[in-house]
Amino acid sequence: MLLDDVMPEYDFLERHEKRVAAPKDAVRRAIDSSRSPRTPARLLFALRRIPVPKGTLREWATSMGFLVLAETDDELVLGQIGRFWALNERTALVSPKTVDEFLRFDDARYAKAAMTVRVEMLDSGETRLYTETRVRALGPGARRRFRLYWLLIRPFSGLLRHEMLRGIAKEARRIAEG
């Protein structure tokens, strides 16, 4: 898994998956073309003063300063560095410009986050679509702050991931049906 290459060590982990009744190629294309959620999850973005997602996952993530850390036909890994617990997340983000910058960053006041979106063909003919998010706090103070933040935000983070997976699955089925 590419995620292991860019973030082998982490303090926090969240994983979600969905089986999709569509071929892997259709699911991969859906990752690149599905649009942002249109449900109440948008309220969560507004509460954090984060722009409501527009465009595809990649378009929204890169507009928020996330960097594509690695990519194959089966996996997309995005990363960001920040003080995610800060009230104004836009000003707390570092937004590295290169993979090397992401990997070498070591300021103890921050945390690194990496998320993978991965597809895997199953023997049943379905495709397993999953996300895994890893966070590495770079210092003890950052770890304490992120832990408190994570206690509050994790349920909402999970809701957003589930919603993202549902949207990709819906788009994949549409693509597969032609």
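Select arginine 136 and glutamate 9, which form a salt bridge with their closest N and O atoms 3.5 Å apart. A salt bridge here is a side-chain nitrogen of Lys or Arg within 4 Å of a carboxyl oxygen of Asp or Glu. The pair connects distant parts of the chain, 127 residues apart: arginine 136 belongs to strand β5 (residues 127-137), and glutamate 9 to the loop between α1 (2-6) and β1 (12-20). Helices (H or I, at least four residues) and strands (E, at least two) are DSSP runs, numbered from the N terminus. Arginine 136 is partly exposed, at 26% relative accessible area, whereas glutamate 9 is exposed, at 52%. Buried denotes under 20% relative accessible area, exposed over 50%, and partly exposed the range in between (1.4 Å probe, protein chains only).

The model is predicted: local features require pLDDT of at least 70 and side-chain atom pairs pLDDT 80 or more, while totals for chains, interfaces and linings use all residues. Residues are numbered from 1 along each chain as its sequence is written, and side-chain values use heavy atoms, with hydrogens and water left out.

Next, select aspartate 11 and arginine 143, whose side chains meet in a salt bridge (3.4 Å, N to O). Aspartate 11 lies in the loop between α1 and β1 and arginine 143 in helix α7 (residues 140-177), so this pair ties together parts 132 residues apart in sequence. Aspartate 11 is partly exposed at 29% relative accessibility, and arginine 143 is partly exposed at 24%.

Select arginine 118 and glutamate 75, which meet through their side chains in a salt bridge (3.1 Å, N to O). This pair links strand β4 (residues 111-121), which holds arginine 118, to strand β3 (residues 75-82), which holds glutamate 75, across 43 residues. Is glutamate 75 buried or exposed? At 1% relative accessibility, glutamate 75 is buried.

Then display Asp4, Arg15, Glu132 and Arg134 together; salt bridges link them in a network. The count of salt bridges in the model comes to 19.

Colour β3 and β4, which run antiparallel and are joined by 8 bridges. Strands pair if DSSP finds at least two bridges between them. Isoleucine 81 has lysine 112 in β4 as its bridge partner. Of the 11 residues of β4, 8 are buried, so the strand is largely enclosed by the rest of the structure.

Select Val20, Val27, Leu57, Val117, Leu129 and Ile168, the residues with the most contacts inside the largest nonpolar core, which has 22 residues. Such a core is a set of buried Ala, Val, Leu, Ile, Met, Phe, Trp, Tyr and Cys residues joined through side-chain atoms within 4.5 Å. At least two residues each come from α2 (24-33), α4 (57-63), β3, β4 and α7, and α7 gives the largest share, 6 residues.

Select serine 95, in the loop between α5 (89-92) and α6 (99-104). Serine 95 has a positive phi near 55°, although it is not a glycine. Most residues other than glycine have a negative phi. At 14% relative accessibility, serine 95 is buried.
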